[in-house]
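Thanks for making the time this morning.

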Amino acid sequence: MATLRKQYAVSRYVYSEDSFGEDYEKVYRVRKTTLDHVKEYLTCDSKRAKNAVLSLLPIIGWMRIYRVREWLLGDVVSGISTGLIAIMQGLAFSLLASLPPSYGLYTAFFPMLTYFFLGTSRHISVGSFPVLSLMVGAVVTRLVPDEGPPANITGFEGLTQDQQRVLVASSVTFLMGIFQLAMGVLQVGFIVVYLSDTLVSGFTTAAAVHILVSQLKFVLGLTVPGISGPLSIIYTLEKIFVQITSTNICDLVMSILIMAMVFIVKELNDIYKAKLPVPIPIEVIMTVIACGVSYGFNFEKRYDVEIVGKMVSGYEPPMAPNVEVFQESAVEAFPIAIVGFAVAFSVAKVYSIKHDYTIDGNQELIAFGISNIFGASFRSFAASTALSRTAVQESSGGKTQIAGLISAMMAMIVTVALGFLLEPLPRSVLGALVIVNLKGMLMQFREIPYLWRRDKTECLVWLGTCLGAILLGLDLGLVVGLGVELLTVVFRSQFPRCSVLANINGTDLYRDRKDYLHIFEPKGVKIFRIPSPIFFANIEFFRDKLVEAVGFNPLRVLRKRNKALRKIKKQLGSRDLVCQTTEESYMNMEELDQPTDLKGFPFQMDWNAELPSNVDVPRVDLHSLILDFSAVSFLDISAMKGLKMALKEFIRIDVDVYIVACDVYIVEKLHMCMFFDDEILTSMFFPTLHDAMLHVLEKHKDDTKNGWVVRKNCSWTYYTILPELAWLLLPSGFKITRQKI
């Protein structure tokens, strides 16, 4: 099928930036100063006050448009479905945080109460997230290990091990909330853009591996102490394999059966999701069955199965965080805050686009910060969102956070009235539920071949993040991933893919000369393009690539010419022109870098003519160099100095340099930094590449290389090149020029 083509014709003058400015007057805008912005930010009126309230309390916005008849039933059904899953996940993910299961129900309740009022997303399900639970658990096991004494913290005195761990988890969560709230107040929600999808994918995959290994001890019924720090996953696997012969067969069989059933039903939910009003809550069903079977057959006593045990009934009074735990865990709390926000924001963004409403990253930081501070005061641990839980809330008809509030109410009912029913639940069942829910994250390993084929640099980021997080731990792994990602950005901007362009025949389009067959390249013209900003780190690379593109070093050519002139001046015997030092080894390099001085010469030099054997000057067939700056977004001071030096080197060897499609703000900055002088002129700048090319062709339309003539009083005589320097010894008034014979 042929592509539809339309023609257009434009008739206009060839413009340089100077001539364009003469014909079209530019509007000079008065830009606001920093003080103006501060005054505007601090100014308050009724409209701004109203917007501020709506921004801080997004619930007002969506409650005003709430359609009770259309949305309420869907929110109720969604809230019940999501609540059942949130209860099971809260119990299971509390094991990842090395806490008693009942505190997972706290995380399903308290953070949602504040997010309901402050959050901008209408669809995410706020609660426990396995990656955050594991990161909190790493701090918990470090400060309160399974074996050995806890850390020397005053607040631990008189507390049981479980109470110490709850204090650590809630204090870390409180500090995490402070970090998130501070970032929200300081309006740094943009920080999430530095966590690319590739990095997050590699990081969550590594977290899934950690979670899988951490749950093996529950599935196998082994007693393995929690280990944190670099290579903790290796040490944990070592301890598991040492005890593998002590596996509790009842735990193992029960875990395998539950994982198989949950996996099959989840697949059926995906296949028939269009026909099912709500997904089958298989986790809840299997949990109820496991509780009944465990209680009926007394698994704890008969098969030595570890069960959930005593559930906390009701809620405990709020408590203050421990400052000493803050000091011990500040390094871990910050990446927990970043990961929690990044995951929640990315999930929220997906559903906001799907349902056509906006979310505010800074307000989300504030909402999660306050939610985690509030939840930590009541002994909950780090809250974010889980993709699977959010998917259920949205797919089962949830329209607003009323569904989330109902799911929180269900967690409250279980905590207050029904918690005792979960006491006989085997912990291996919770471990199995955690593992089977890792399918989505573990399947991200399939991205490796895809990334390798499409973008090897992105694949390197994925592998670096994943391996770093697996081997060094999630906190250090995130730092490694960010380092690798930033290095790839630096590498791409410091070593961009420069190219030499050529005109596509019959068009005003210019493309890489290596990519096309039918191209037009005027002799003596070179078009060079750099597709990145030019700054201190890549200015030397730019200059090297420019020299490589033109095929010669302009500074070397200039020095050779100046040395040749010294020889010529000496042989001509002009005392006023002869250099004071005749030895080349003692020549001043600064003088050699200056423009060629032809004052007082009785002829005009043409450096492309045949020169005597003892005069070695490289031939330069280039008369015009065009630099395409259309992709250059900024220049810093160091780059300006290097660029100015490079341009002067070409200008001093009689190569005309033109800069095209330069951003107007870069041109303004060049004026401010005194970039222009007697050699570098504003007339070098052209608005488009084609304008510059037409100017060059017009300027050099008569240039040919068929012979050499000496012109005297408008009469022409052809001279052949004489040996040695005799060709230079012409009477005063003669000059050598190029002319077609």
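Let me start with a salt bridge between Lys648 and Asp677, whose closest N and O atoms are 2.7 Å apart; by salt bridge I mean a side-chain nitrogen of Lys or Arg within 4 Å of a carboxyl oxygen of Asp or Glu. This pair links distant parts of the chain, since Lys648 sits in helix H27 (residues 637–651) and Asp677 in the loop between helix H28 (664–672) and strand E9 (685–686), 29 residues apart.

Before going on, the caveats: this is a predicted model, in which local features need pLDDT of at least 70 and side-chain atom pairs count only at pLDDT 80 or more, while totals for chains, interfaces and linings use all residues. Residues are numbered from 1 along each chain as its sequence is written, and side-chain values use heavy atoms, with hydrogens and water left out. Helices (H or I, at least four residues) and strands (E, at least two) are DSSP runs, numbered from the N terminus.

Back to Lys648: is this residue buried or exposed? Lys648 counts as buried, because its relative accessibility is 17%, whereas Asp677, at 25%, counts as partly exposed; the cut-offs are under 20% relative accessible area for buried, over 50% for exposed, and partly exposed in between, with a 1.4 Å probe and protein chains only. Lys648 also meets Glu679 in a salt bridge, at 3.8 Å from N to O, and because Glu679 lies in the loop between H28 and E9 while Lys648 is in H27, this pair ties together parts that are 31 residues apart in sequence. Glu679 is partly exposed, at 22% relative accessible area. Salt bridges with shared partners bring Lys644, Lys648, Arg652, Asp677 and Glu679 into one network, and the search of the whole structure finds 24 salt bridges.

Now to the packing. Buried residues make up 48% of the 741 residues in the protein. In general terms, nonpolar side chains in soluble globular proteins tend to be buried together. A nonpolar core here is a set of buried Ala, Val, Leu, Ile, Met, Phe, Trp, Tyr and Cys residues joined through side-chain atoms within 4.5 Å. In the largest such core, which has 125 residues, Val131, Val168 and Ile258 touch the most other members, and helix H15 (residues 323–354) gives the most to this core, with 15 residues. A second, separate core has 39 residues, among them Phe528 and Val550.

Which residues does Val131 touch, not counting those up to four places away in sequence? They are Phe203, Ala207, Ile211, Val339, Met441 and Leu474, where a contact means heavy atoms within 4.5 Å.

Finally, the sheet around strand E3, residues 499–504. Six of its six residues are buried, so E3 is largely enclosed by the rest of the structure. E3 pairs with strand E6 (residues 525–529) in the antiparallel sense over three bridges, and three bridges also join E3 to the antiparallel strand E4 (residues 510–512); for two strands to pair, DSSP must find at least two bridges between them. Leu501 has a bridge partner in each of these strands, Ile527 in E6 and Asp512 in E4. E3 and E4 form a hairpin with five residues between them, and Gly506 in the turn has a positive phi of about 80°.
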